[in-house]
Amino acid sequence: MTLGYLVRRFGAVLLVLAIVTFAVFAVTMLLPGNAAIMILGEYGSDDQIAALEKQLNLNRPWWEQYASWVGGALQGDFGMSLRLSLPVTEVVLPALANSAALAAVALLAVTLIAIPLGAYAALHRGKPADLIIGLFAYIGASMPEFVTATLLLVIFAGPGREFLPAGGFVAPGESIIGFLSHVALPATALGLVLMAHISRQVRSEMSDVLASDFVRAARLKGLTERRVVWRHALPNSLAPAIAVISLDIGYLLGGIIVVEEIFAWPGLGRLLIYALENRDLPVIQAVTLLLAMVYALSNLLSDIVIAAFDPRVRYG
Amino acid sequence: MAELLRSPTGIAGTVLLSIVIAMAALGPFIAPYDPQTFHPIARLQGPSWAHLLGTDQFGRDILSRLLDGAPSTISFGLGATLLGVAAGSFIGVVAGVAGGAVDSVIMRLVDGLLAIPDLLFTLLIVTILGGGTGYAMLAVAVAFTPGMARISRSAVLSVRTRDYVLAAQARGESWGWIVGFEVLPNALSPIIVEATIRVAFAIMIGATLGFLGLGAQPPSTEWGLMVAEARQFMFRNPWMVAVPGIAIALAALGFNLFGDALRDALDPRGRR
């Protein structure tokens, strides 16, 4: 991994983000309805509407609007929310923190469970345990988050068996137990699909590695099976798993929208649905850009981690 | 086909897929009741001989509603995928065949669009176009386009410099002929495999949009909408959410399994 590679890769991310800003802006320009009329309601006078349009720069040509939006965004200023009468940044940043907490719990749990599960399946290829794990993975990959989430609610939060709260949020700083009990169901709903993907990926990589020459050599050397698995096979199967995890961040970000809505988790997803329903353009723009940025950066991070992890990968 | 039925995945996928397609084709005709008829004396019931999968808050027969909703749910997945695959493959083939600056510009755009998660992209487009089944389908198709463009481009690139393509060029065939008769048929199998798996996604996203109230509208029996309408009553009759929810999962599972088996059957390296 050379410095040149990093610079080029980072440049590519910047280019992608530039394209995303353009796409997001184009999408919001195309939204039906005039924002000024939306804010003032049907009864705003023409003068009021014209004044507000001027204030929101709606009367300027699109490229000027785009330039001023990107200019502001670069300085961390996404304008004012049209509905909440707050600067967008003040609305979005706490939501981002809450979403990040949910995503982190889900990812951590998934990684800790899926990697051993996949490795176990690879070590018992063709045995019942492997088939059960495989079946579970397929079912997990075929359940949309809203189905999993709703079924989890029925099972764990129904009247008479309220094992866990049906929704809401408690900050970890306030009460760790409260946070964990509130995060359990949404994180499970989010994690199931990822668990399926990652365990399958680890299984298939691990199977290849177990059949490879260096593992055979390690066995012939007389190393214990445990050492062969933990020191030789597993570490070499992880780089592709990391690649899948980072691609799955895309799923996670999509899934988070639905899951937060169902469990009333005050994060970016719930904010986005609120903003879409209320045509709160600056909030829609900021949230979309933020989600795309997280995705692009996680892909970059995974490339770097893979390059650092796997000596065979050489990016010139 | 014989290759497909050799693995357990292939058998399970084919069986599930056949059931799903049969439901989509025949569902409304074999439903035991009218899906919208109220049975006021049998509301929010669990399964019984009269109502095999129970009834909803109006006493409507859940099995009949499920069967009635199969065509719209499945055709949404198929239609959205077909549109997305067509548009994406067209763009990917143009990029792959043209190469050079055209290719670079198209692929950078595709990269940018791929940085927006599928569901988010779909939600944005649905908000522009407005809700409803037709627009939701279009939105999913648009969201699928960049990914399909990337896959079909790489499929085209892998065959573009093969000898038979060069031979056709040397014979002086037109570009259109070469693309249509030499490149596309040989680049088709990865596109078909990807498309099959994407149907599963499209069904899931379509149901999610229905669930969020942005896709099919009441009184439709689209499965995602059925789950959404059932949420209010889910604690009184869990069957109302479980039945359509599991049906969505089984339909997606069928396409996932079948797609994977198709990949193994079409990819000679996968054979052991």
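In helix α1 of chain A, the buried residues are A:Val16, A:Ile19, A:Val20, A:Thr21, A:Ala23, A:Val24, A:Phe25 and A:Thr28. The model is predicted. Helix α1(A) also gives the most to the side of chain A that touches chain B, with 7 residues. Chain B comes to 9 helices and 0 strands.

**Helix α1 of chain A**
- α1(A) is made up of 28 residues.
- From its first C-alpha to its last, α1(A) reaches 41 Å, which is close to the 40 Å expected at 1.5 Å a residue.
- The buried residues of α1(A) include A:Val16 and A:Phe25, and A:Thr21 and A:Thr28 are also among them.

**Contact between chains A and B**
- On the chain A side, 33 residues are in contact with 34 residues of chain B.
- Five helices of chain A, α1 (3-30), α6 (128-142), α7 (145-156), α10 (225-262) and α12 (281-309), each supply at least two residues of the side that touches chain B.
- By class, this side of chain A has 27 nonpolar and 6 polar residues, and no charged residues.

**Chain B overall**
- From the N terminus on, the elements of chain B run α-α-α-α-α-α-α-α-α.
- Taken along the principal axes, the C-alpha atoms of chain B fill a box of roughly 75 × 45 × 30 Å.
- Chain B has 272 residues, of which 53% count as buried.
- Of the contacts in chain B between residues at least 6 apart in sequence, 69% join residues at least 24 apart.

**Packing of α4 and α7 in chain B**
- Two packed helices are described by the angle between their axes and the distance between the axes.
- For helix α4 (residues 118-129) and helix α7 (residues 175-211) of chain B, the axes come within 11 Å and cross at roughly 50°.
- At that angle, α4(B) is oblique to α7(B).
- The crossing in which α4(B) passes α7(B) is right-handed.
- On the α4(B) side the contact is made by B:Asp118, B:Leu119, B:Thr122 and B:Val126, and on the α7(B) side by B:Ile205, B:Thr208 and B:Leu209.
- The classes in this contact of α4(B) with α7(B) are 4 nonpolar, 2 polar and 1 charged residues.

**Loop residue B:Arg162**
- B:Arg162 is placed in the loop between α5 (133-160) and α6 (163-171) of chain B.
- B:Arg162 counts as partly exposed because 13 other C-beta atoms lie within 10 Å, while a buried residue would need 20 or more and an exposed one 12 or fewer.
- B:Arg162 and B:Val183 are 21 residues apart along the chain, and their C-alpha atoms are separated by 9.2 Å.

**Backbone geometry to check**
- Most residues other than glycine have a negative phi, and most peptide bonds are trans.
- A:Ala264 has a positive phi of about 50°, although it is not a glycine.
- A:Ala264 has its place in the loop between α10 and α11 (268-277) of chain A.
- With 14 C-beta neighbours inside 10 Å, A:Ala264 falls in the partly exposed class.
- In chain B, the peptide bond from B:Pro218 to B:Pro219 is cis, with omega near 5°.
- B:Pro219 lies in the loop between α7 and α8 (223-230) of chain B.

Conventions. Residues are numbered from 1 along each chain as its sequence is written. Chains are lettered from A and ligands numbered from 1 in the order in which they are written. This is a predicted model: local features need pLDDT of at least 70, side-chain atom pairs count only at pLDDT 80 or more; totals for chains, interfaces and linings use all residues. Two residues are in contact if their C-beta atoms, placed from the backbone, lie within 7 Å. Helices (H or I, at least four residues) and strands (E, at least two) are DSSP runs, numbered from the N terminus. Ala, Val, Leu, Ile, Met, Phe, Trp, Tyr, Cys and Pro count as nonpolar, Asp, Glu, Lys and Arg as charged, and the others, Gly among them, as polar. The expected span of a helix is 1.5 Å times one less than its number of residues. Axes are lines fitted to C-alpha atoms, for helices over the stretch in contact, and angles run from 0 to 180 degrees between N-to-C directions. Angles under 35 degrees count as roughly parallel, over 145 as roughly antiparallel, 65 to 115 as roughly perpendicular and the rest as oblique. A crossing is left-handed if the near helix is turned anticlockwise from the far one by less than a right angle, and right-handed if clockwise.
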